[in-house]
Amino acid sequence: MTDVVLVVDFGAQYAQLIARRVREARVYSEIVPTTITADAVRAKGARGIILSGGPSSVYAEGAPGIDPEIFSLGIPVLGICYGAQLLAQALGGTVEATGRGGYGRAAMTLHGGSPLTVDFPQVSDVWMSHGDSITALPSSVAVLASTEDAPVAFFGDEEARAYGVQFHPEVAHSDHGQDLIERFLHDVCELPGTWTHASIIETQVEAVRAQVGSKKVLCALSGGVDSAVAAALVHKAIGEQLTCVFVDTGLMRRGEGEQIEATFTKHFQVDLIHVKAADRYFAALAGVTDPERKRKIIGELFIRIFEEVARDLGAGLGEEGPKFLVQGTLYPDVIESGSGHAANIKSHHNVGGLPDDLDFSLVEPLRLLFKDEVRAVGEELGLPSDLVWRQPFPGPGLGVRIIGEVTRERAEILANADHVVLDEIRKAGLYRELWQSFAILPAVRTVGVMGDGRTYAYPIVIRAVTSDDAMTADWARLPYELLERIASRLINEVDGVNRVALDITSKPPGTIEWE
Ligand code: XMP
């Protein structure tokens, strides 16, 4: 069994960050809800427990607690912020609203030594965010450090191997925060840090083999990172038993189909069915301008084509036909939140939104991984880095960036414009920094003048945003020289374009895509 450290999620946004910091220390972590029982903790073979921060007051009615028996299991515990207050209470201490909360940077002074403080200088900067304070602790617990507003900023019970910090070691603004987490994992939990990308691959390869046996498996490649990494991983596990399906909708980025084909057939020698369906898509989309209808048509046609492929394969193979379907589901989609409710998977973010009645069992080799880990695994598996570091691309492809009717001609204009934008963004070294950068084709034409002639053609809108998770986004301040180069190339190189505009809307109120 993989050694695991459990991060109990008390409902703040920090649990995922803590889990990632633990993994950066090469120890496998899982996020669990506050309702987890001591039995479940034992069953998971937990080697350490971290209690996250949270928005509540520990003394408030209905404040989330934790099965008290967990503290008697003899497993090391690290409480952070709310988690520290809960731990202090469990150890027999007191938590109160003293009116001296702390928000932001604070200078912390050490008073005592412990395995967790070895990397800290006498005074260091830590990042605080709390309204309540720990005001008393039993004599078995040592106060290890304090700040002006938090007399107990750091405490430890060496005997119980239980520690609490009022500050947030998981955020970058806390000096030595990662050192503290690593000391807890390596020295207190005695976990040396063996969870590497190579070991993730090994574990998943075994799991996939155990799950599918000698059965055939299908995987829909979308051109995105997640499905590509999932496919490469499953291929490593079961080789020829895997068949990949790539549906070219005519709404992909330029060269995308070729890249997928080259990567998966030449490099990985995967059995790939490349369905060239652009004609069907343009026929289905003719005359349709409503954004939701367009999305629906694109999604449904994808399902139809996928079903046809699956049926054809099944017909040829009979009982031997594919029974499993690979999905690139990631960890943030499966984490149970602090309240114990499973996070909703945004339906339009599923691969093609495949329906349940397809009668496949799912193979989800990435369901325990965060996005950055998926990229690292992809690189380890030998996928090309421009595929692994690809910016997110919507399932319906360029279809949501062609405003108004989607035709072959307009899709071609946009694919060419998109290519210019991305080419210049890459040359400027900004591709990885930006969450997304792309071109939009509006449904208007404007007058221009080129050479001696009057033109009447489309504008291209440049959209480039920074973001952490696509929930909010800011428009990227691209250098003027870069914008000028993009604009000049768009007008000179892309037929049908005579004007360039820049979208300077953040999200909210705008969305990232235009449809
Ligand atoms: P919005 O436009 O809602 O986009 O700000 C947020 C993120 O989701 C992507 N997106 C989609 N992805 N199918 C997808 O698979 C879709 O229909 C879709 N619409 C938006 C968008 O690119 C951004 O990363």
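## Ser52 and its surroundings

Leaving aside neighbours within four places in sequence, which residues is Ser52 in contact with? They are Val8, Asp9, Phe10, Gly11, Ala15, Ile18, Ile80, Tyr82 and Gly83. The model is a predicted one. In it, Ser52 lies in the loop between strand E3 (46-51) and strand E4 (77-80).

Ser52 has a relative accessible area of 1% and is therefore buried, the cut-off being under 20%. Its side chain reaches the backbone nitrogen of Phe10 at 2.9 Å, and Phe10 is also one of the residues in contact with Ser52.

## The chain as a whole

The protein chain has 13 helices and 21 strands. Its C-alpha atoms fill a box of roughly 85 × 60 × 40 Å along the principal axes. There are 515 residues in the chain, and 51% of them count as buried.

Contacts between residues at least 6 apart in sequence can also be sorted by separation: 75% of them join residues at least 24 apart.

## Helices H5 and H6

Helix H5 covers residues 197-212, and helix H6 covers residues 225-238. The axes of H5 and H6 come within 8 Å and cross at roughly 65°. Angles of 65 to 115 degrees count as roughly perpendicular, so that is how H5 and H6 stand to each other. The crossing is right-handed. On the H5 side, the contact is made by Ile201, Gln204, Val205, Val208, Arg209 and Val212; on the H6 side, by Leu233, Val234, Lys236, Ala237 and Ile238. By class, these residues are eight nonpolar, one polar and two charged.

Val212, in H5, is buried at a relative accessible area of 3%. Apart from neighbours within four places in sequence, Val212 is in contact with Val217, Ile238, Gln241, Phe324 and Val363. Val212 and Gly429 are 217 residues apart in sequence, and their C-alpha atoms are 42 Å apart in space.

## Helices H6 and H10

H6 also meets helix H10 (residues 371-380), with axes that come within 10 Å and cross at roughly 50°. The two helices are therefore oblique to each other, and H6 passes H10 in a left-handed crossing. Val225, Asp226 and Val229 of H6 make the contact with Lys371, Val374, Arg375, Val377 and Gly378 of H10. Four of the residues in this contact are nonpolar, one is polar and three are charged.

The buried residues of H10 are Glu373, Val374, Arg375, Ala376, Val377 and Gly378. What covers them includes helix H1 (14-24), H5, H6 and H11. H10 is followed by Gly382, which has a positive phi near 95°.

## Arg401

Is Arg401 buried or exposed? Arg401 is buried, with a relative accessible area of 2%. It sits in the loop between helix H11 (385-388) and helix H12 (408-427).

The side chains of Arg401 and Glu513 are joined by a polar contact of 2.8 Å. Outside the four places on either side in sequence, the residues in contact with Arg401 are Pro392, Phe393, Pro394, Leu414, Asp418, Gln436, Phe438, Ala439, Ile440, Leu441 and Glu513.

## Backbone exceptions

Most residues other than glycine have a negative phi, and most peptide bonds are trans. Cys81 has a positive phi near 55° and is not a glycine. Cys81 lies in the loop between E4 and helix H3 (82-90) and counts as buried at 4% relative accessibility. Glu190, also not a glycine, has a positive phi of about 60°. Its place is the loop between helix H4 (177-188) and H5. Glu190 is exposed, with a relative accessible area of 53%.

Where in the chain is Pro508 found? Pro508 is in the segment after strand E21 (497-502), and Pro509 is also found in the segment after E21. A cis peptide bond joins Lys507 and Pro508, with omega about -15°. Another cis peptide bond, with omega about 10°, joins Pro508 and Pro509.

Terms used
Residues are numbered from 1 along each chain as its sequence is written. This is a predicted model: local features need pLDDT of at least 70, side-chain atom pairs count only at pLDDT 80 or more; totals for chains, interfaces and linings use all residues. Side-chain values use heavy atoms; hydrogens and water are left out. Helices (H or I, at least four residues) and strands (E, at least two) are DSSP runs, numbered from the N terminus. Buried means under 20% relative accessible area, exposed over 50%, partly exposed in between (1.4 Å probe, protein chains only). A polar contact is a pair of N or O atoms within 3.5 Å; within protein, one must be able to donate a hydrogen and the other to accept it, and residues adjacent in sequence count only if both atoms are side-chain atoms. Contact means heavy atoms within 4.5 Å. Axes are lines fitted to C-alpha atoms, for helices over the stretch in contact, and angles run from 0 to 180 degrees between N-to-C directions. Angles under 35 degrees count as roughly parallel, over 145 as roughly antiparallel, 65 to 115 as roughly perpendicular and the rest as oblique. A crossing is left-handed if the near helix is turned anticlockwise from the far one by less than a right angle, and right-handed if clockwise. Ala, Val, Leu, Ile, Met, Phe, Trp, Tyr, Cys and Pro count as nonpolar, Asp, Glu, Lys and Arg as charged, and the others, Gly among them, as polar.
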